[in-house]
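I opened the model to look up a helix, its packing and some ring pairs. My entries are below the display.

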Amino acid sequence: MPILPILRLGHPALRAQARPVDPAQIPTPPFQQLIDDMVETMRDARGVGLAAPQVGVPLQVFVYSPPLQGEKAEDAEREVRVLVNPMLNPQSGELVYDWEGCLSIPDLRGLVPRHPAIRVLGLDRTGRHLDFVATGFEARIIQHEFDHLNGVIFLDRMRDLRSLAFSAEWDRYMTGEGEDLDSTAVG
Ligand code: NI
């Protein structure tokens, strides 16, 4: 399975609106191959999520793989989830700040406010309907990847750019300010 090139900030595809996937296309070999390639690419890049626009495909699909508590991103065989045509409904609760990074903005981290819980509607990679509530770090990843489908990146969500940091400096100076988030936790 090929590793796909990940587009970086400045590529116009990262700012475009992705199209809904025709459900009839989900079981086809090209779409299934795209998902497999995205999973492989996400793992290779040691990310926890990857959206199709990040590999230049303007479709509403992303893959993600939330690390379990204390787990490192190297544990590559953890569960991968796929969301096609997702819709998010924030649940009640104050916005929560935590660190995020992005495979399309290599080496930067920043504090981003997100909803602590979201109801997620969409399809899985077999076309089955999904309807669940995500919380915590999973909710954060889903909101980050969902934003990519709408041409939005985490920098747009930051309320204060003063927390922006390169990974090495973040590791050295800033890890105490959010939850204990692995430095490879990027999408
Ligand atoms: Ni990202």
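**Ground rules.** I am working on a predicted model, in which local features need pLDDT of at least 70, side-chain atom pairs count only at pLDDT 80 or more, and totals for chains, interfaces and linings use all residues. Residues are numbered from 1 along each chain as its sequence is written, and side-chain values use heavy atoms, with hydrogens and water left out.

**Helix H1.** I checked the length of H1 first. Helices are DSSP runs of H or I with at least four residues, strands are E runs of at least two, and both are numbered from the N terminus. The expected span is 1.5 Å times one less than the number of residues. For the 16 residues of H1 that gives 22 Å, and the end C-alpha atoms are 22 Å apart, so the two agree. After H1 comes Arg 46, with a positive phi near 60 degrees.

Next I listed burial (buried is under 20% relative accessible area, exposed over 50%, partly exposed in between; 1.4 Å probe, protein chains only). Among the buried residues of H1 are Phe 31, Gln 32, Asp 37 and Met 38. The buried residues of H1 pack against strands S1 (49–51), S2 (61–64) and S3 (81–90).

**Gln 32.** Which backbone oxygen lies 2.7 Å from a polar atom of the Gln 32 side chain? I found that of Ile 26. Gln 32 is buried at 19% relative accessible area. Beyond its neighbours within four places in sequence, Gln 32 is in contact (heavy atoms within 4.5 Å) with Ile 26, Pro 27 and Arg 125.

**Cores.** I then looked at nonpolar cores, meaning sets of buried Ala, Val, Leu, Ile, Met, Phe, Trp, Tyr and Cys joined through side-chain atoms within 4.5 Å. The largest has 19 residues, and Phe 31, Met 38 and Val 84 are among those with the most contacts inside it. H1 gives the most to this core, six residues. A second, separate core of 15 residues includes Val 48, Phe 62, Leu 130 and Ile 141.

**Rings.** I found two aromatic pairs. Rings of Phe, Tyr and Trp (its six-membered ring) pair with centres within 6.5 Å; planes under 30 degrees apart are stacked, over 60 edge-to-face, the rest tilted. Phe 62 and Tyr 64 are tilted, at 6.0 Å and 55 degrees. Both Phe 62 and Tyr 64 are buried. Trp 99 and Trp 170 have centres 5.8 Å apart and planes at 80 degrees, so this pair is edge-to-face. Trp 99 is in strand S4 and Trp 170 in helix H4, so the pair ties together parts 71 residues apart in sequence. Both Trp 99 and Trp 170 are buried.

Technical notes. A polar contact is a pair of N or O atoms within 3.5 Å; within protein, one must be able to donate a hydrogen and the other to accept it, and residues adjacent in sequence count only if both atoms are side-chain atoms.
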